[in-house]
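Student: Can you walk me through this fold? Keep it brisk.

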Amino acid sequence: ASQFRVVPNVVDTALFRPKTAPSHSGERPFQWLHISSLSDEQKNISGMIRAIQLLRQQAAANEAFEVQIIGDGDPKPHQVLVEALGLQDCITVHGEISLEAVAGKMRNADALLLFSRYENFPCVIPEAWSSGIPVLSTDVGGIREHLTADRGELIESEDEAALAKSMLGWLQGRTTFDRKDLRNHAMKHFSMTAVGNAYSDVYGAALESLNPQQA
């Protein structure tokens with residue numbers, strides 16, 4: 001019954017920008033990128049790594065891929081799991097890097113990968129769209145409010161087989177996305193100008209409701 005208006009996260013669209021040329025080609029492996037706090041409880045990094053193990057078993061020799069996992073949490077447990085599963089050739093786990101370096105990783109990636117157990121709407125998703133890359137994510141929290149079929153794909157949380165299956169489909173080119181449309185959507189909804197205008201509208205409407213005669 002309450003009156004409210006949603007204002008989304010803001011993205012520095014000047015920093016998070018697309019690569020000038022398409023990033024994916026047959027000359028290099030498909031580049032997956034995961035950016036998070038590395039909290040396994042929330043982000044389910046271990047489940048994502050196990051799903052990648054399934055993917056490697058299913059992918060053909062010409063369906064090469066690489067996954068970079070980056071975050072400001074402790075990378076060691078995830079590095080140990082990667083080594084235990086023998087996935088060092090396709091998964092690299094990094095610790096914290098600068099925001100500028102994150103933006104560079106985005107520009108050179110083909111897709112953002114999330115396997116969270118719970119979320120609100122993480123800023124890394126519009127940052128990916130601003131960089132011109134789609135998002136494969138679990139259907140948790142507020143993500144479905146923004147992540148539609150033309151901007152990525154949603155799968156069920158905890159479903160490692162489904163994640164591997166979707167990743168394989170993306171590798172095989174069964175799902176394609178328009179980088180310009182992703183960028184334009186980010187500019188329209190998540191840029192500093194767009195979010196600033198949204199806040200201005202909210203405050204303006206609130207002030208008008210309090211002082212209708214002075215509006």
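Tutor: Terms before strands. Two strands pair if DSSP finds at least two bridges between them. Helices (H or I, at least four residues) and strands (E, at least two) are DSSP runs, numbered from the N terminus. The model is predicted: local features need pLDDT of at least 70, side-chain atom pairs count only at pLDDT 80 or more, and totals for chains, interfaces and linings use all residues. Residues are numbered from 1 along each chain as its sequence is written, and side-chain values use heavy atoms, with hydrogens and water left out.

Student: Good. What is the strand order in the open sheet?

Tutor: β3-β2-β1-β4-β5-β6, six strands with parallel pairing. β3 (91–94) and β6 (152–155) are the edges; each has a single partner strand, so one side of each lacks a neighbour in the sheet. On average, neighbouring strands are turned by 20 degrees against each other, direction ignored.

Student: How are those angles defined?

Tutor: Axes are lines fitted to C-alpha atoms, for helices over the stretch in contact; angles run from 0 to 180 degrees between N-to-C directions.

Student: And which strands does α2 touch?

Tutor: Helix α2 (residues 45–58) packs on the sheet and touches β1 (30–36), β2 (65–71), β3 and β4. Its direction makes about 175 degrees with that of β2. Contact means heavy atoms within 4.5 Å. Helix α4 (residues 99–108) lies across β1, β2, β3 and β4, at about 150 degrees to β1.

Student: Back to pairing. How many bridges join β1 and β2?

Tutor: Seven, in the parallel sense. W32 stands opposite V67 in β2. β1 and β4 pair over two bridges, also parallel. There, L33 has L112 of β4 as its bridge partner.

Student: What about β4 and β5?

Tutor: β4 (residues 111–113) and β5 (residues 135–138) are parallel, with two bridges. L113 has L136 of β5 as its bridge partner.

Student: Is β1 buried or exposed?

Tutor: Seven of its seven residues are buried, so β1 is largely enclosed by the rest of the structure. Buried means under 20% relative accessible area; exposed is over 50%, partly exposed in between (1.4 Å probe, protein chains only). Both faces are covered: F30, W32, H34 and S36 on one side, Q31, L33 and I35 on the other.

Student: What does W32 touch?

Tutor: Beyond four places in sequence, its contacts include F65, V67, A111, L113, L136, M167 and W170. W32 is buried at 1% relative accessible area. W32 and K105 lie 73 residues apart in sequence and 9.9 Å apart in space, C-alpha to C-alpha.

Student: Now S137. Where does it sit?

Tutor: In strand β5. S137 is buried too, at 1% relative accessibility. Outside four places in sequence, S137 is in contact with L114, I143, L147, E153, L154 and I155.

Student: New topic. What lines the second largest pocket?

Tutor: I35, S36, S37, I70, G71, D72, E96, I97, S98, L99, V102 and E127. β1, β2 and α4 each supply at least two lining residues.

Student: What counts as a pocket?

Tutor: On a 1 Å grid over the protein atoms alone, a pocket is an open set of points where a 1.4 Å probe fits, with protein on both sides within 12 Å along at least five of seven lines. Lining residues have an atom within 4 Å of a point.

Student: How much space lies in it?

Tutor: About 190 Å³ for the second largest pocket. Grid points are joined across faces, edges and corners, and a volume is the space filled by probe spheres set on the points.
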